[in-house]
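Me: I'd like to learn how to read a protein model feature by feature. Could you walk me through one?

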Amino acid sequence: MSTPANFNGQPPVIDANDAVMLLIDHQSGLFQTVGDMPMPELRQRAAALASIASLAKLPVITTASVPQGPNGPLIPEIHQNAPHAQYVARRGEINAWDNPEFVEAVKATGRKTLIIAGTITSVCMAFPAISAVAAGYKVFVVIDASGTYSKMAQEITLARMVQAGVVPMDTAAVASELQKTWNRDDAQQWAQVYTQIFPAYQLLIESYVKAQEVVTNQEVLDSAR
C-alpha cells in the first residue's frame, strides 16, 4: 500500500500551524486559456483561498509568470482578500520553484506544509508542487482553484502529482480542514467564504436567518392567517 510522501506515517491532513498558501499565476491572460471549468468559478475559488488564508492566519506567497506580457496581471482579489500576502517576482522561470527568491520566501516562513493552487494546473501548479515534495515538503494542491486548458490535461496532471506524493483537495475541503469547528467567534466570516466557493450556500444562510427571525419575532405564518 502506497503512502503520501513526507508524511512519515502520519495522517495526510493540513496543520494550520505549519501551513503556507502558495497562489501561483492566477493571471487574467492565463485565465482565458481555461477549459476544464467555468472561468468565473475558478476566479471565485482562487479569491476564496486568499480569504481562507486570512481567516486561518496562514502566510501567503504569490507570484506571476511575466505579468507585463500576454499572461497578464494577477487577479486583484487575491491581494485584496489577503493583504498580508508576499509577492515574489520571477525572472521568467516557468516553474516557480526554480526561482531562488520564491523558494527562500517559502523557507523563511519556517513551515513545511504547502497548500498550492495555480493556473495552469499542469504547469504552473504541478511543477512547483512536485518539486516541493522532492524538497521534503508536505504538499496539498487545490484542484478546483487551479485551471487548465482541458479536462484531459487536468486528469493526466492529477495522476502525475499523486504518483509524486502530492495530495489533491478542493477549496471547500481546505476551508473545512482549516476551520475545524463552527464553535468559533468568526463563524459568520467562514460562512461567507463558503458562499464564494459555492454561491448557492448563500441561499442556505438566507433561509436559516429567516427561520430565526420567524421564531424571534413570533411572526405569524402566512398559512395561519
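This is a predicted model: local features need pLDDT of at least 70, side-chain atom pairs count only at pLDDT 80 or more; totals for chains, interfaces and linings use all residues.

Me: Which backbone oxygens lie by the side chain of arginine 90?

Reply: One is the backbone oxygen of glutamate 93, which the side chain of arginine 90 reaches at 2.9 Å. Another belongs to alanine 64, and it lies 3.5 Å from a polar atom of that side chain.

Me: Let's turn to backbone angles. What is phi of aspartate 25, and what is phi of lysine 57?

Reply: Aspartate 25 has a phi near 60 degrees, a positive value in a residue other than glycine. Lysine 57 also has a phi near 60 degrees, again positive in a residue other than glycine. Aspartate 25 is in the loop between strand 1 (19-24) and helix 1 (28-31), while lysine 57 is in the loop between helix 2 and strand 2 (60-64). As for accessibility, aspartate 25 counts as buried because its relative value is 0%, whereas lysine 57, at 67%, counts as exposed.

Me: Which peptide bond is cis?

Reply: Look at the bond from threonine 119 to isoleucine 120, which is cis with omega near 10 degrees. Isoleucine 120 lies in the loop between strand 4 (113-118) and helix 5 (121-134).

Me: Now helices. How do I describe a packed pair?

Reply: Two packed helices are described by the angle between their axes and the distance between the axes. Here, the axes of helix 7 and helix 8 come within 10 Å and cross at roughly 170 degrees. Angles over 145 degrees count as roughly antiparallel, so helix 7 is roughly antiparallel to helix 8. By class, their contact has six nonpolar, three polar and no charged residues. On the helix 7 side are Thr171, Ala172, Ala175, Ser176, Leu178 and Gln179, which meet Trp190, Tyr194 and Ile197 in helix 8.

Me: At what angle do the axes of helix 8 and helix 9 cross?

Reply: Those axes cross at roughly 140 degrees and come within 7 Å. That angle makes helix 8 oblique to helix 9. The residues of this contact divide into four nonpolar, three polar and no charged. From helix 8 come Ala191, Gln192, Tyr194 and Thr195, meeting Tyr201, Gln202 and Ile205 in helix 9.

Me: Which residues of helix 8 are buried, and what covers them?

Reply: The buried residues in helix 8 are Ala187, Trp190, Ala191, Val193, Tyr194, Thr195 and Ile197. Their cover includes helix 2 (39-56), helix 7 (171-179) and helix 9.

Me: How far apart are the end C-alpha atoms of helix 9, and what span should its residues have?

Reply: Helix 9 covers residues 201-216, and at 1.5 Å a residue its 16 residues should span 22 Å. Its end C-alpha atoms are 23 Å apart, which agrees. Just after helix 9, glutamine 218 takes a positive phi of about 50 degrees.

Notes. Residues are numbered from 1 along each chain as its sequence is written. Side-chain values use heavy atoms; hydrogens and water are left out. Helices (H or I, at least four residues) and strands (E, at least two) are DSSP runs, numbered from the N terminus. The expected span of a helix is 1.5 Å times one less than its number of residues. Axes are lines fitted to C-alpha atoms, for helices over the stretch in contact, and angles run from 0 to 180 degrees between N-to-C directions. Angles under 35 degrees count as roughly parallel, over 145 as roughly antiparallel, 65 to 115 as roughly perpendicular and the rest as oblique. Contact means heavy atoms within 4.5 Å. Ala, Val, Leu, Ile, Met, Phe, Trp, Tyr, Cys and Pro count as nonpolar, Asp, Glu, Lys and Arg as charged, and the others, Gly among them, as polar. A polar contact is a pair of N or O atoms within 3.5 Å; within protein, one must be able to donate a hydrogen and the other to accept it, and residues adjacent in sequence count only if both atoms are side-chain atoms. Buried means under 20% relative accessible area, exposed over 50%, partly exposed in between (1.4 Å probe, protein chains only).
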